Amino acid sequence: MKPFELRLAHEHLKVSRHCKNLQSFIEDEVKFLRLPREQRSLMIEQARILQEYQEILGKRLKLLNIPV
């Protein structure tokens with residue numbers, strides 16, 4: 001794998017983990033609902049954007065014939 005492909009694959013893995021952890025936190029109503037409303041709203045937006053970013057990275061990997 002070329003260096004940029006390796007960086008791309010690592011970035012995809014890192015973002016996937018972060019996305020999964022953030023989504024798990026959001027789904028934990030006991031912890032999540034303790035946060036102020038504005039923080040919750042921003043975290044939901046962050047999760048949505050991270051998911052989009054993860055999908056873009058996945059598409060790039062597929063174009064390079066790198067399994068996702």
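In the predicted model described here, Asn65 is exposed, with a relative accessible area of 70%. This residue belongs to the segment that follows α3. The backbone of Asn65 has a phi angle near 60°, a positive value in a residue that is not glycine. Leu64 also lies in the segment after α3, but Leu64 is partly exposed, at a relative accessible area of 30%. Along the sequence, 55 residues separate Leu64 from Ala9, and in space their C-alpha atoms are 11 Å apart.

The overall architecture of the protein chain is helical, with three helices and zero strands. Read from the N terminus, the order of elements is α-α-α. Helix α1 spans residues 3–27, and helix α3 covers residues 37–63. Along the principal axes, the C-alpha atoms occupy a box of roughly 45 × 15 × 15 Å. The radius of gyration of the protein chain is 15 Å, whereas a compact globule of 68 residues would have a value near 11 Å.

The packing of α1 against α3 was examined next. The axes of these two helices are 9 Å apart and meet at an angle of about 150°. Because angles over 145 degrees count as roughly antiparallel, α1 and α3 are assigned to that class. The crossing of α1 past α3 is left-handed. In the contact between α1 and α3, 14 residues are nonpolar, eight are polar and three are charged.

A further spatial relation involves Leu13, a residue of helix α1. Leu13 and Val68 are separated by 55 residues in sequence, while the distance between their C-alpha atoms is 9.0 Å. Leu13 is partly exposed, and its relative accessible area is 42%.

Within helix α3, Tyr53 was also considered. The relative accessible area of Tyr53 is 34%, which places this residue in the partly exposed class. Tyr53 and Ser41 stand twelve residues apart along the chain, and 19 Å separates their C-alpha atoms.

Two salt bridges are present in the structure. One of them joins Glu11 to Lys14, with a distance of 3.7 Å between the closest N and O atoms. The pair qualifies because a salt bridge requires the side-chain nitrogen to lie within 4 Å of the carboxyl oxygen. Both partners belong to helix α1, where Glu11 and Lys14 are three residues apart, or about one turn of the helix. Lys14 is exposed, with a relative accessible area of 54%, whereas Glu11 is partly exposed at 24%.

Glu52 is partly exposed, with a relative accessibility of 39%. Arg48 likewise counts as partly exposed, at 44% relative accessibility.

Taken together, the model shows a chain of three helices without strands, in which α1 and α3 are roughly antiparallel.

Key
Residues numbered from 1 in each chain as written. Predicted model: local features only at pLDDT ≥ 70, side-chain atom pairs only at ≥ 80, totals over all residues. Heavy atoms only, no water. Helix = DSSP H or I, 4+ residues; strand = E, 2+ residues; numbered from the N terminus. Buried < 20%, exposed > 50% of the residue type's maximum accessible area, 1.4 Å probe, protein only. Axes fitted to C-alpha atoms, helices over the stretch in contact; angles between N-to-C directions. Parallel < 35°, antiparallel > 145°, perpendicular 65-115°, else oblique. Left-handed = near helix turned anticlockwise from the far one by under 90°. Nonpolar A, V, L, I, M, F, W, Y, C, P; charged D, E, K, R; others polar. Rg over C-alpha atoms; globule rule 2.2 N^0.38 Å.
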